[in-house]
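Here is a short briefing to read beside the structure. Keep the 3D view open and find each residue as it comes up.

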Amino acid sequence: MSVTVRELTAGYRKRAVLHRVSARMPGGAVTAVVGPNGSGKSTLLGVLAGVLAPMAGTVELPGGDRPGLVLQRSAVPDSLPITVRETVAMGRWGRRGPWRRLTAADRDVVEECLARLGLTGLAGLPLATLSGGQRQRALIAQGLAQEPGVLLLDEPVTGLDEASRGEVEGLMAEIAAHGVTVVHATHDPDAVSRADHCLLLSEGRLIAEGPPSAVVPARL
Ligand SMILES: Nc1ncnc2c1ncn2[C@@H]1O[C@H](COP(=O)(O)OP(=O)(O)OP(=O)(O)O)[C@@H](O)[C@H]1O
């Protein structure tokens, strides 16, 4: 099911960063949100994730579902003493609360997500000891463990080598093929061209929307 924003204005304190953005992100497909630094990509993801309230306008999510949010890798400090399995298990906290024990069903979901992302063999290692690509997969597994209908990813391929970028792009396509609406912010031209749909932001305004080939300027 698709996600729709209408006349969305949002920002921080009194300052609007997004201005009257109207766009549709198709269900079961990958949408890339592109635009220069500071154009409002992360802000849009924050509003879709429900961590930032709109100042005006509306957000329509399938079934009123809370989307899963995969943070930028750089937002996770290296000093965090947490294993890969614990990282993925945090994806269940939204359902259980952080201090409640996970149920057997929760633990099954965690193991399934670890397996799906090829992380079973790494599950007991500290997150900080993983490569950039492996760490990104752990964060995606955490997002999937929320079993969301909408998965939001903030710059999931930034800083990865070509092989890992391709792997993460392939994963996003596979997740979408399972019916999840995937929306990611990116600067990477390959990630844009492999998306199904694209939103181009500039200075907080939507300046184009459609298939990547029609939207993305050659200079990106
Ligand atoms: N927590 C915050 N408090 C105040 N202003 C913020 C906050 N986060 C972002 N901004 C401002 O909002 C504007 C848009 O930032 P945003 O992070 O949404 O852009 P972006 O397109 O994701 O940029 P980048 O490509 O650099 O990640 C910028 O001017 C930024 O300074």
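Start at V183. Leaving aside residues up to four places away in sequence, V183 touches V3, M25, T31, V33, L45, L48, V150 and L152. Keep in mind that this is a predicted model.

**The nonpolar core**

- V183 also belongs to the largest nonpolar core, which has 60 residues.
- Which members touch the most other members? They are V88, C113, A141, L152 and V183.
- Helix α5, residues 132-145, gives the most to this core. Its share is 6 residues.

**The open sheet**

- Strands of a sheet pair through backbone hydrogen bonds, and they can do so in a parallel or an antiparallel way.
- Here 3 strands form an open sheet, in the order β2-β1-β4. Their pairing is antiparallel.
- Strands β2 (15-25) and β4 (56-60) stand at the edges. Each has a single partner strand, so one side of each is left without a neighbour in the sheet.
- From one strand to the next, the twist averages 30 degrees.
- How many bridges join β1 to β4? There are 4, and the two strands run antiparallel. Strand β1 spans residues 3-12.

**A helix across the strands**

- Helix α1 is made of residues 41-49. It lies across β1, β2 and β4.
- Relative to β1, helix α1 runs at about 115 degrees.

**Two residues with positive phi**

- R20 is not a glycine, yet its phi is positive, at about 45 degrees. R20 lies in strand β2.
- Is R20 buried or partly exposed? It has 15 other C-beta atoms within 10 Å, so it counts as partly exposed. A buried residue would need 20 or more.
- E155 is another residue other than glycine with a positive phi, near 50 degrees. E155 is found in the loop between β6 (150-154) and α6 (162-177).
- Is E155 buried or exposed? With 24 other C-beta atoms within 10 Å, E155 is buried.

How values were computed
Residues numbered from 1 in each chain as written. Predicted model: local features only at pLDDT ≥ 70, side-chain atom pairs only at ≥ 80, totals over all residues. Pairing = 2+ DSSP bridges. Axes fitted to C-alpha atoms, helices over the stretch in contact; angles between N-to-C directions. Contact = placed C-beta atoms within 7 Å. Core = buried A, V, L, I, M, F, W, Y, C linked by C-beta atoms within 7 Å. Buried ≥ 20, exposed ≤ 12 C-beta atoms within 10 Å, placed from the backbone.
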